[in-house]
Amino acid sequence: VEVAVLNGTAVEGLAGSFGDKVEQRGYQLGAVTNSESSFEESVVMFKPRNGGAANTIAAALEIPLVQPMTSEIAVLAAGAPVAVVIGEDNASSAG
């Protein structure tokens, strides 16, 4: 499953460090970029029929929030069926 990683905070490099975690757990890394909106809580978003994969990835990354993908995130995810958006709750775990 291709997984996009988006930084939903102002912390530089956060998406990159979480992208490494995604790859270490055996997933294909998709787009790594910043979201236009800021997020308080990290969330794993999924496109239709990808909820199971999203829940598995969320468990692997210890992110409790899983929800359908918003149109903004879908554009930034560049076709990936699952997107991890890193929020302020994980901003301190960079590096």
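## A buried glycine to start with

Gly8 has a relative accessible area of 2%, so this residue is buried (buried means under 20% relative accessible area, exposed over 50% and partly exposed in between, with a 1.4 Å probe and protein chains only). Look for Gly8 in the loop between β1 (2–7) and α1 (14–24). Not counting residues up to four places away in sequence, Gly8 touches Ser35, Ser37, Ser38, Phe39, Val85 and Ile86, where contact means heavy atoms within 4.5 Å. Ala31 lies 23 residues from Gly8 along the chain, and 14 Å separates their C-alpha atoms.

## About the model

You are looking at a predicted model, in which local features need pLDDT of at least 70 and side-chain atom pairs count only at pLDDT 80 or more, while totals for chains, interfaces and linings use all residues. Residues are numbered from 1 along each chain as its sequence is written, and side-chain values use heavy atoms, with hydrogens and water left out.

## The overall fold

The chain holds three helices and five strands, and their order along the sequence is β-α-β-β-α-β-α-β. Helices (H or I, at least four residues) and strands (E, at least two) are DSSP runs, numbered from the N terminus.

How far does the C-alpha trace span along its principal axes? The spans are about 30 × 25 × 20 Å. Among contacts in the chain with a separation of 6 or more, 72% are between residues 24 or more positions apart.

Of the 95 residues in the chain, 44% are buried. The accessible surface comes to about 4,700 Å², and carbon and sulfur atoms make up 48% of that surface; these areas come from the Shrake-Rupley method with a 1.4 Å probe, and for residues only the protein chains shown count as cover.

Asn50 sits in the loop between β3 (43–46) and α2 (51–61). Is Asn50 buried or exposed? Asn50 counts as buried, because its relative accessibility is 19%. Its side chain reaches the backbone oxygen of Pro48 at 3.1 Å. Leaving aside neighbours within four places in sequence, Asn50 is in contact with Pro81 and Val82.

Methods
Polar contact = N/O pair within 3.5 Å; in protein donor to acceptor, adjacent residues only side chain to side chain.
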